[in-house]
Amino acid sequence: MIIKNGKFILPCEHGNFFITKDISVKFSKKIIELGNFSEKNFIDAENNFVAPGFINIHIHGCNNCDTMDANKNSMQKICEFLPSCGVTSFLPTTMTMKISEITRALENIKNNKFFGAKIIGVNLEGPFISKKFHGAQNPENIIAADFKIFEKFSDIIKIITIAPEELKNFDFIDKCAEKNIICAIGHSAADYEIAKKFIEHGANHITHLFNAQTPFHHRKPGIVGAAFDTDAIVEIISDNFHVSPVAQRIAYKIKNKNKIILITDSCRACGTDEKISELGGQKVFIEKNIATLADGTIAASVAKLNEVMKNFHENTGASIAEIVEFVTKNPARELKIFDKIGSIEVGKSADFVIFDENF
């Protein structure tokens, strides 16, 4: 099969994405060749952008389904819905619930096969977090970090969010590193010094920057200050509610462009017209595309990945090619699967998304 007549977003010789109209792409299950082909049968991109399929590394649910439903039908509906947002690979994300419920969700993913967007692992958000910054996570289910609890799922867990100030030493971080699991700092009351120490030891990922963590203050830089002052990779929910356009712009100016990953952190209400929904066993209310708990606490988002990309593009002035890097190359590199997905290059999986200037 051939895709032609598009504005293709490709890596240059230095790895930075750029846009070219001078090629076509031949593919089957994998990308076979880049060039100019004269076949009569082809996919006409009609001068739209052609990019590698997007990767969402932090998503609880959508299409009225959630990872914590822990059943094959719900996860299948998520996989079917995500390509409509340009997402071809993702990490279903758990919540801070009872260990038995988290285990069922992990077993559902590990023991079943799904079609549609590909599940490339699991993001474990909690239960090893801070009660002070629990956000929309139920504080009753927060426990001390213990690697043994989920060790049998270490083959599918790719990211675990922890509150470093709750750890006695680096043992948990080291055990995760042995299994190629990324330790992320989030839902945490850590100060700048603790956060920086753990980032430098390997917890080099910040769960939804600015949200549910110590903020930046000129005398107390907090986790946000540590994220800006180190090489940490940061997630950003650019729905214009979790993070204001100004804060998005500041993060874009400060951080190395290879260290930014756009996410949705979306709940089951994403892609629906529901006004009352659910997250982690808690009732969620949606008004003007903002999801909150009954007490007003922000409760995930209802945004799609293509929407947060559009927002970040408009708010920061980042080029469309750069924006695509934030949801393809950057997450693929961090997950150590950039040899398989994340760019349009020969030998990689033939995951494509075609979109216009409005994403």
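## A three-stranded sheet

Let's begin with an open sheet of 3 strands, whose order is β8-β11-β12 and whose pairing is parallel. Strands β8 (54-59) and β12 (118-119) stand at its edges with a single partner strand each, so one side of each has no neighbour in the sheet. A word on terms: strands pair if DSSP finds at least two bridges between them. Helices (H or I, at least four residues) and strands (E, at least two) are DSSP runs, numbered from the N terminus.

Between β8 and β11 (residues 87-92) there are 4 bridges in the parallel sense, and Phe 54 has Val 87 in β11 as its bridge partner. Helix α1 (residues 72-81) lies across β11 and β12, running at about 145° to β11. Such angles run from 0 to 180 degrees between N-to-C directions, with axes as lines fitted to C-alpha atoms, for helices over the stretch in contact; contact means heavy atoms within 4.5 Å.

## About the model

This is a predicted model, in which local features need pLDDT of at least 70 and side-chain atom pairs count only at pLDDT 80 or more, while totals for chains, interfaces and linings use all residues. Residues are numbered from 1 along each chain as its sequence is written, and side-chain values use heavy atoms, leaving out hydrogens and water.

## A hairpin

Strand β2 (residues 7-11) and strand β3 (residues 17-20) run antiparallel and are joined by 4 bridges. Look for Leu 10, whose bridge partner in β3 is Phe 18. The two strands, β2 and β3, form a hairpin with 5 residues between them, and Gly 15 in the turn has a positive phi of about 95°.

## A six-stranded sheet

Another open sheet has 6 strands in the order β13-β14-β15-β16-β17-β18, with parallel pairing. Its edge strands, β13 (122-125) and β18 (260-262), each pair on one side only. Strands β15 and β16 share 2 bridges in the parallel sense, and Ala 184 has His 205 in β16 as its bridge partner. Helix α7 (residues 305-316) lies across β17 and β18, at about 130° to β18.

In the loop between α4 and β16 you will find Asn 204. Asn 204 counts as partly exposed because its relative accessibility is 25%; buried means under 20% relative accessible area, exposed over 50%, and partly exposed in between (1.4 Å probe, protein chains only). Setting aside neighbours within four places in sequence, Asn 204 is in contact with Cys 183, Ile 199, Asp 231, Ala 232 and Ile 233.

## An enclosed helix

Helix α5 (residues 222-229) is largely enclosed by the rest of the structure, because 7 of its 8 residues are buried. Among these buried residues are Ile 223, Val 224 and Phe 228. The buried residues of α5 pack against β15, α4 (192-201), β16 (205-206), β17 (233-236) and α6 (245-254).

## The largest pocket

The largest pocket has 18 lining residues, with Asn 180, Ile 181, Ile 182, Glu 334 and Lys 336 nearest its centre. The elements giving two or more residues to this lining are β14 (157-162), α3 (171-178) and β15 (182-185), and the largest share, 3 residues, comes from α3. A pocket here is an open set of points on a 1 Å grid over the protein atoms alone, where a 1.4 Å probe fits, with protein on both sides within 12 Å along at least five of seven lines; lining residues have an atom within 4 Å of a point.
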